[in-house]
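Subject: Structure handover

Hello,

The structure we discussed is below. Please look it over before reading my notes.

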Amino acid sequence: MIKQLAAHIKDYKTASIKTGIYVSFEVLMEVAIPFLMAYLIDYGIEAGNMNLIIGLGLGMLLAAGLSLFFGLLSAHYAAKASAGYAKNLRQAIFYKVQEFSFTNIDKFSTASLITRQTTDITNIQNAYQMIIRVAVRAPIMLIFSLVMAFSINPELSLIFLAVIPLLGVGLYVIVVKAHPIFEKVFRTYDHLNNVVQENLRGIRVVKSFVREDHEEKKFEEVSERIYQQFSKAEKILAFNAPLMQFAIYTSILLISWFGAQMIVSGYMTTGQLASLITYATSILMSLMMLSFVFVMITISRASAERVVEVLNETVDLENPNSPVTTVKNGNVTFTNVGFSYSNSLDKLCLQDVNLKIASGQTIGIIGGTGSSKSSLVQLIPRLYDVTTGIVEVGDVDVRKYDLQTLRDAVSVVLQKNILFSGTIKENLRWGNKEATDEQMIHACKLAQADEFISAFPDGYDTYIEQGGGNVSGGQKQRLCIARALLKNPKILILDDSTSAVDTRTDALIREAFLKEIPHITKFIIAQRIASVMDADAIIVMEEGRIDAMGSHEELLASNEIYQEVYHSQLKGGNDFDEQ
Ligand SMILES: Nc1ncnc2c1ncn2[C@@H]1O[C@H](COP(=O)(O)OP(=O)(O)OP(=O)(O)O)[C@@H](O)[C@H]1O
Ligand SMILES: [Mg+2]
């Protein structure tokens with residue numbers, strides 16, 4: 001895990017190393033001060049040597065100034081290195097998520113991915129900053145002070161050897177106990193984000209169902225849980241400080257006690273005792289800092305694991321090694337296809353699908369909700385991979401294509417579609433970056449969108465709010481169709497894409513398709529028989545299988561499900577706006 005995380009330090013390695021170097025200088029200056037102090041007391045003050053006092057005093061001042069200077073430099077580089085490192089990690093996660101297939105995306109929730117990008121990376125950033133400063137500073141200070149202490153008085157310094165292992169054991173216990181709680185805390189964070197996100201995204205629904213109280217309760221529950229877990233973890237971590245204090249003061253007390261006796265019996269000078277006590281404080285301070293690093297690592301370890309989990313996720317839809325980069329035609333063939341979202345054979349949501357569709361045909365697909373219509377068409381642009389069997393486009397297995405080639409040739413208007421914040425033109429250019437105004441207007445005319453777009457005061461430059469909030473459902477669907485058409489695909493899939501469009505406009509769209517893009521293979525999933533009845537063939541789906549396939553007349557004569565749907569829709573009367 002550490003190796004993997006370290007790989008993302010990249011261009012901030014120099015800043016990290018500089019931090020370490022400046023920290024070392026800072027510490028060296030700091031530890032020189034008590035050393036000079038002992039000299040000053042013993043040979044300056046006690047001997048009454050004024051020149052030496054002034055010289056050493058200036059030396060100490062210089063050391064303090066330099067230590068401040070190096071300290072500032074190291075803080076500067078530490079901030080730069082850790083913030084840069086966090087930036088790299090965020091980028092790595094974002095890019096990784098862009099590579100994800102639909103299956104990968106299904107696995108991580110949006111909320112969890114957001115927590116990982118924000119809270120978790122901030123934890124790592126803080127820990128990293130601490131590590132490059134303190135993890136360099138503390139050991140240098142510790143070793144240097146220990147050496148100095150032993151050189152002044154080895155017997156008294158033995159006290160440290162007794163205290164340090166005790167501290168070690170205490171810290172170990174704290175870390176082991178706190179880590180699992182922090183793991184839990186971050187999972188609860190995911191949950192909290194999920195609650196907030198769902199609420200904000202669905203705020204209109206929440207309001208129209210007057211569910212504010214329920215939502216508030218849901219939120220309170222999670223935030224209470226975070227509070228509980230956090231305070232539990234922090235309580236354990238809080239033992240760190242008293243443990244340290246206890247160790248520090250015990251050692252100083254013991255050193256003073258024995259030291260005083262040694263001075264009385266002439267074994268040691270006052271200056272030596274003074275600097276020994278200063279070193280004792282530095283030794284224990286550095287231990288304290290190390291313990292903070294441990295605490296920080298404990299908190300961030302849970303975060304690091306979560307970040308690495310995303311980075312390590314194997315993208316299950318990869319480009320093949322020598323991919324096919326042209327799609328010859330719009331033929332689509334399914335051979336014994338079975339498909340399961342969880343990739344397990346006993347939970348197939350599509351079974352025994354066999355289809356042979358020639359370029360330029362229009363295929364209607366109808367079937368009850370949950371009959372796997374969407375699942376069927378998502379296999380064509382390889383949004384998911386089949387579990388068994390083969391899907392071919394242009395007579396080549398879809399898994400052999402370069403993904404971009406395939407998805408450029410197979411344009412899907414997904415059932416749950418979305419527009420992005422930006423102008424209509426910007427949204428349309430998702431279909432084709434280089435689309436000219438004429439091409440955009442042509443596509444919008446086909447999708448029957450030109451008329452309402454032109455009626456907007458800003459026309460094609462009208463700003464679309466996030467998620468397409470400021471256009472109607474039917475307008476949004478038509479914009480999505482136009483966007484898909486701009487790709488100039490060989491195969492066009494409309495997954496229930498005219499459900500919010502009135503029947504007359506729906507008919508106009510189909511008419512325009514027939515006249516203007518007859519060479520494109522078209523799949524039209526619809527709830528209305530009227531939307532599919534003039535297709536070359538209609539597929540009737542039932543519980544993940546193809547129940548029947550044929551023309552409107554054939555199905556009306558022979559297929560029970562089709563007859564039922566047809567008659568129920570006929571009886572229900574036409575839409576009010578139908579001629
Ligand atoms: N991302 C997913 N992960 C797991 N299961 C899914 C996923 N999407 C759909 N399913 C399941 O697969 C089955 C078929 O769903 P599908 O969306 O293909 O039906 P559909 O015919 O398009 O329905 P509708 O007419 O409501 O759009 C359903 O039982 C559904 O619960
Ligand atoms: Mg569907």
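The notes below cover the helices first and then the strands.

This is a predicted model, in which local features need pLDDT of at least 70 and side-chain atom pairs count only at pLDDT 80 or more, while totals for chains, interfaces and linings use all residues. Residues are numbered from 1 along each chain as its sequence is written, chains are lettered from A and ligands numbered from 1 in the order in which they are written, and side-chain values use heavy atoms, without hydrogens and water.

Helices

Helices (H or I, at least four residues) and strands (E, at least two) are DSSP runs, numbered from the N terminus. Helix H5, residues 110-152, has 43 residues and reaches 60 Å from its first C-alpha to its last, close to the expected 63 Å (1.5 Å times one less than its number of residues). H5 has a kink of about 35°, centred on Arg116; the bend is the angle between axes fitted to the seven residues ending at a residue and the seven starting there.

H5 packs against helix H10 (residues 270-312) at an angle of about 155°, with the axes 6 Å apart. Axes here are lines fitted to C-alpha atoms, for helices over the stretch in contact, and angles run from 0 to 180 degrees between N-to-C directions. H5 and H10 are therefore roughly antiparallel (over 145 degrees; under 35 is roughly parallel, 65 to 115 roughly perpendicular, the rest oblique). Their crossing is left-handed, meaning that the near helix is turned anticlockwise from the far one by less than a right angle, with clockwise giving right-handed. The H5-H10 contact has 30 nonpolar, 11 polar and 5 charged residues. Ala, Val, Leu, Ile, Met, Phe, Trp, Tyr, Cys and Pro count as nonpolar, Asp, Glu, Lys and Arg as charged, and the others, Gly among them, as polar.

Helix H3 (residues 50-99) packs on H5 at about 150°, with axes 9 Å apart, which makes the two roughly antiparallel. The crossing of H3 and H5 is right-handed, and its contact residues divide into 16 nonpolar, 8 polar and 3 charged.

Strands

An open sheet of 4 strands runs in the order S2-S1-S4-S5, with antiparallel pairing (two strands pair if DSSP finds at least two bridges between them). S2 (350-357) and S5 (396-397) are at the edges with a single partner strand each, so one side of each has no neighbour in the sheet. S1 (residues 332-339) and S4 (residues 388-393) pair over 5 bridges, with Val332 opposite Val393.

S11 (residues 537-542) and S12 (residues 545-550) form an antiparallel pair over 5 bridges, where Met541 stands opposite Ile546. Their hairpin has 2 residues between the strands, and Glu543 takes a positive phi near 45°.

Regards
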